[in-house]
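The following note sets out points on the structure shown below.

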Amino acid sequence: FMVKDQEWVRVGNESDNIENQESSIGAPAPRANVGACNYKGKIFMFGGHGGLNYARVAFNDLYSFDLETEEWEKIIPNNNPPEGRGGHSVFASDEKIYIYGGWNSEMQYNNVLVFDLETKEYSDPDIYNEVPRWNHCSVLVEAIPTWKFFVFGGECAEYNEGVARTFGQYVNSSCFLDLGTVRWTTFASDAAVYKDIPAAREYSAMTYDERDRRLLVFGGWNNGWFNDLYALNVSKIVGPSYAITASDPALGQLSGNVNLKISGQGFKDANIRVLFTVGQKAVDAPSKQTIEVSGTFVSETELTCVTPNFEAFGPKECVMQLSIANGDLTTTWIPFQYFLNTRANKSLAFGPGLLKDVCVGTPVEFYIIARNDLGENRQSGRDNFEVKVIHKLPIPEDKIDDPDYKQEKQEISCEVTDMDNGQYHCKYIVEDEVDVDVHINFEDDKGKMVPIRGSPYNASFTVRAKGPDNQMTGGAMDKQIKKEQERLQSHMAEMKREIITKDKNLNDVKVLLGVKENVESVQDQTDLITLHIDQLDESLKLFQLHKLSKDSQHKGLVKLSKDWTDLKKIARDTKKEIAPIVAQENDKNKHNIKRLEEEIVQFTQEMKKREFFQYKCGTKTALEKLDGVFDELKGFETKISDYGENAAKFGNPDLIQKAIKDIDTIKITIDNMKVLWDHIDVCTEAFSNFMSTKWVSTAPFEMEDEVKKLMKTLKDMKVDKKANAYVGILEEIKKWLIFLPLIAELADQSMRDRHWDSIREKVGVSFVIDDNLLLRDIYNLNLGQYQEDVEEITDQARQEAKMEKTLAKLDEIWKDVVFEFSPHKDTGVQMIKLSEDNFDMLEENQVSVTSMFSSRYLATFEEKIVYWQKSLASISEIVVVIGEVQRSWSFLENLFIHSEEVKKELPKESVKFISIDKEVKEILTDGFKHQKALDFCVQAYVLPKLEKVQEELTVCEKALNEFMDSKRMAFPRFYFVSP
């Protein structure tokens, strides 16, 4: 059927063939119940029931039909074909044709036959289902990692030979064959578990819905025809389009953080989840016993991830599955074994590479044994051990006494081989007769390098040793085993004698302490002796592996282990036995220490009342007394040493700590007081030097800075701030910090005799300011009592100095200020003017004088200030008035002197103007004669005379204006004449 054209077409070019006769194109004989499949562009068909002329033959032939060439081919096998059959199913994979089930008149089949398309041979790989099945429906489904062949329904029966063949039983069971494991599995067939299972039937049709991963079954026969359609989800069998096949490594530490490389198929870079589930079976969904981590995409066949911490579940086996892009978990899984973490404090090393006197110039070996939290030897590798073999170079002679010299080191390369069984073979070579330190570190689950038990080891090399001694089973190790067994046996026997209490007088404190210390020594050496026994055990295991060990050595190790166990028990028993006596001694010691503490407290209280805490004591006496306290403390220190030693030996070293702390506190107090008195001495000397300074040489600001430094040093001291000595020097410094600013005020250049007179009047003391006056003399005036008065007087001095300076400046300025002169026509008269700069300066000076009037210290310079106030005001007024007079006079002069008409019309005013003209010229002539503005303007006559002239000029000008107005009335053209 051509889907595109919706047409049925007969293929194979056999349209002319006569029915029920052999095919002319090599097609199979007529038949039904044939098995067929499509594989690589060909339809392969095997068997079936039928034949020419309506025969009922069970065929066993194999044909192929090429879909491109539309040609048939009968495939001839190179070996015997199987029995003929029908009702079977056929599928193809990996160049093989698979034939399952079927029946003929003699037999029903439940096996799978395989025809190899390359060798053209049949084989029976013994792949059997439960019972024979035929007339079933089937479909081959692509799955990762292996394809699945699904079967549903059909007839089933199992007949023994000689039993009559009848119809089989219709079934509705489902099963599938995994082409990877080649195992049959029945599923979804229990009616008690699965509802709506299709009715039993045969001749149904089956296909696969790839999108939803489900089987679709349609129709069939069971004494009647079916037209129903059923679906069965097989996603959990087929699985997603990706699968997991391997992990490297397949085991890891319980704390996780192991990098894994995961292999598989169909991987995509989309939300990869790696799930670890406790147990040995895959799960359909995460459970409470599942921990998941993110995976990292590498390729379609490789992922990476870091194992999660599995401590919540312990060292167990689990399964690893994947989910990609929020899809289903893989149906495939791989086992992953969690083991207890390797621990540095449990691991050990042994071998000649860690011993004394081994051979120079020959590789030397040793083993590292990785052990877990329980002290068990690890059975796998991949731990990270770091081995550093260090040789310290000789110290040069010129550096032997140099405390800052750092001894140079040389690192010798060491090869470490992971044996992947928990053991690590190490090998290095030393070329000279030297000692080396072998540092063995393990990287723990936090990424920190931690030394293993016994590290660093010390080894030495000599030319006297032989090369074979450097081997793990050489002479050095043989000697070491013997020597170490003897040493440990002797050492434990000695410790046993020391801790047994029999025949020992435990009331003797020394004897009691000896027993106690040896018991504690057993406890302290537990780790070391256990390490040595473990090293012996591992050494003997290695020798036994190479069949070099002796029975006596093994027996000796067993005895050694037993003796060590017994010794630890004896130590525990002895500890219990002496506990009451130790407690009694502890009580005695506590009582003695308590009494000592009370004595120290009493001493401390009494000490604080001594005179070196008083300021009046004086530096020399105070320091002598303070040194004497250290001698007194020696008695306490002797008791502390005795009681402390006993306390430590009886396991209570902290008992004496309070007494030690109290004595240390006293020493600190004494040291601090010595520092304070040293500082008092510095202060006293500084103040004495200040006092001897002549008044004329006093530098108050420098002195104040020095005193401030003394104050800071004092306040920074860790000393009792309530101590009288501290308070005394503090008050003294404060006095100077008040006094010196006053001195700075008095030393100001503005101070005059009148101010010093005010100071003398306030303090009631007469003194002379000369070269003989010392700072002590001023200090003795107790100026602090008159601080406000002194500040008032010095402030007055400064303000008066400013006034004095301003007045002096006015004198200096105005003695040289002269008018600017310009000739007036040809009269010989000079016009007077003050320059703009001088006029601006005049205004500024007037403001300065006015501000001095507002000072409360006016009285001293009041007369001069008044003088300048009047003088500057006169200059200002005269300059303004004389300017106006000159302008009017020069204008009116042309009319009243040179105009005959004006003289005729205004005879009276003309006569008056002649008088005015004379006075103006006299004033201007006088101004030119004086030149200087101040000299001219302070004359009493100038301003009144100018004002009189100005008034008379105004009268003349008025008369002229009236005359002009009369002319305008008579002659309108005069309206255009300016006044």
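1. Y367 stands opposite H425, a residue of strand β34. Strand β34 covers residues 423-428 and is joined to β30 by six bridges, the two strands running antiparallel. Strands count as paired if DSSP finds at least two bridges between them. Helices (H or I, at least four residues) and strands (E, at least two) are DSSP runs, numbered from the N terminus.

2. The model is a predicted one, in which local features need pLDDT of at least 70 and side-chain atom pairs count only at pLDDT 80 or more, while totals for chains, interfaces and linings use all residues. Residues are numbered from 1 along each chain as its sequence is written, and side-chain values use heavy atoms, with hydrogens and water left out.

3. How many of the six residues of strand β30 are buried? Six of the six, spanning residues 364-369, are buried, where buried means under 20% relative accessible area, exposed over 50%, and partly exposed in between (1.4 Å probe, protein chains only). In a regular strand the side chains alternate between the two faces of the sheet. In β30 both faces are covered, with V364, F366 and I368 buried on one side and E365, Y367 and I369 buried on the other.

4. The largest nonpolar core has 64 residues, of which L676, W736 and L783 touch the most other members. Such a core is a set of buried Ala, Val, Leu, Ile, Met, Phe, Trp, Tyr and Cys residues joined through side-chain atoms within 4.5 Å. Helices that each supply at least two residues include α5 (551-607), α7 (657-691), α9 (724-746) and α12 (787-814). The largest share, 13 residues, comes from α7. Apart from this core lies another, of 61 residues, among them L348, V387, F442 and F543.

5. Leaving aside neighbours within four places in sequence, L783 is in contact (heavy atoms within 4.5 Å) with F739, L742, I743, L746, V763, I778 and V790.

6. The domain assignment, which is automatic or from a database, gives domain 1 (31-236), domain 2 (243-339), domain 3 (473-577), domain 4 (610-789) and domain 5 (820-970). Between the C-alpha centres of domain 1 and domain 3 the distance is 76 Å.

7. The count of aromatic pairs is 40. Rings of Phe, Tyr and Trp (its six-membered ring) pair if their centres lie within 6.5 Å; planes under 30 degrees apart count as stacked, over 60 as edge-to-face and the rest as tilted. Y100 and F149 are edge-to-face because their ring centres are 6.4 Å apart and their planes at 75°. This pair links distant parts of the chain, 49 residues apart, with Y100 in strand β7 (residues 96-100) and F149 in strand β12 (residues 148-152). Y100 is buried at 0% relative accessibility, and F149 is buried at 1%.

8. F176 and F187 also form an edge-to-face pair, 5.7 Å centre to centre with 65° between the planes. Both F176 and F187 are buried.

9. One aromatic cluster is formed by F91, Y98, Y100, F149 and W184.

10. R85 lies over the face of Y109, at 3.7 Å from the ring centre, and the charged end of R201 sits over the ring of F226, 4.1 Å from its centre.

Terms used: Lys NZ or Arg CZ within 6 Å of the ring centre and 35° of its normal.
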